[in-house]
Amino acid sequence: MNSNEGKIIFIFEDGSDEKLDGLEVKEFTAMTAVLEKGETMFDDDDKTLYNVMP
């Protein structure tokens, strides 16, 4: 790996996707921490991610 940037690709139930690229290490780490816990949901109205804890 020769870059300090990361990329996360979201694939939604309807088959559409969204790419977050150019993330710095802190941003990438924070996003992966949110995604790995609970059940991550996407609010299409305000374009935010949130977790539904089990």
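Guide: The accessible surface of the protein chain is about 4700 Å², computed by the Shrake-Rupley method with a 1.4 Å probe, where for residues only the protein chains shown count as cover. Carbon and sulfur atoms hold 51% of that surface. Please keep in mind that this is a predicted model, in which local features need pLDDT of at least 70, side-chain atom pairs count only at pLDDT 80 or more, and totals for chains, interfaces and linings use all residues. Numbering starts from 1 along each chain as its sequence is written, and side-chain values use heavy atoms, with hydrogens and water left out.

Here is the setting. The C-alpha trace spans about 35 × 25 × 20 Å along its principal axes. One helix and four strands make up the elements of the chain, in the order β-β-α-β-β from the N terminus on; these are DSSP runs, with helices (H or I) of at least four residues and strands (E) of at least two, numbered from the N terminus. Of the 54 residues, 7% count as buried, meaning under 20% relative accessible area, while exposed is over 50% and partly exposed lies in between (1.4 Å probe, protein chains only).

Now to your part. Glu5 sits in the segment before strand E1 (6–11), and Gly6 belongs to E1 itself. Glu5 is exposed, at a relative accessible area of 52%, whereas Gly6 is buried, at 17%.

The partners of the pair come next, leaving out residues up to four places away in sequence. Glu5 touches Gly22 and Leu23, a contact being heavy atoms within 4.5 Å. Over the whole protein chain, residues 24 or more positions apart account for 9% of the contacts with a separation of 6 or more.

Distances complete the view. Glu18 is 13 residues from Glu5 in sequence and 17 Å away in space, C-alpha to C-alpha. For Gly6 and Tyr50, the separation is 44 residues in sequence and 20 Å in space, again between C-alpha atoms.

Val25 leads us into helix H1, and Val25 is exposed, with a relative accessible area of 51%. H1 covers residues 25–36, and its end C-alpha atoms lie 16 Å apart, which agrees with the 16 Å that its 12 residues should span at 1.5 Å a residue; the expected span is 1.5 Å times one less than the number of residues. After H1 comes Gly38, whose phi is positive, near 65 degrees.

The salt bridge count comes to one, by the rule of a side-chain nitrogen of Lys or Arg within 4 Å of a carboxyl oxygen of Asp or Glu. Asp17 and Lys19 form that bridge, at 3.5 Å from N to O. Asp17 is partly exposed, at 41% relative accessible area, and Lys19 is partly exposed at 42%.
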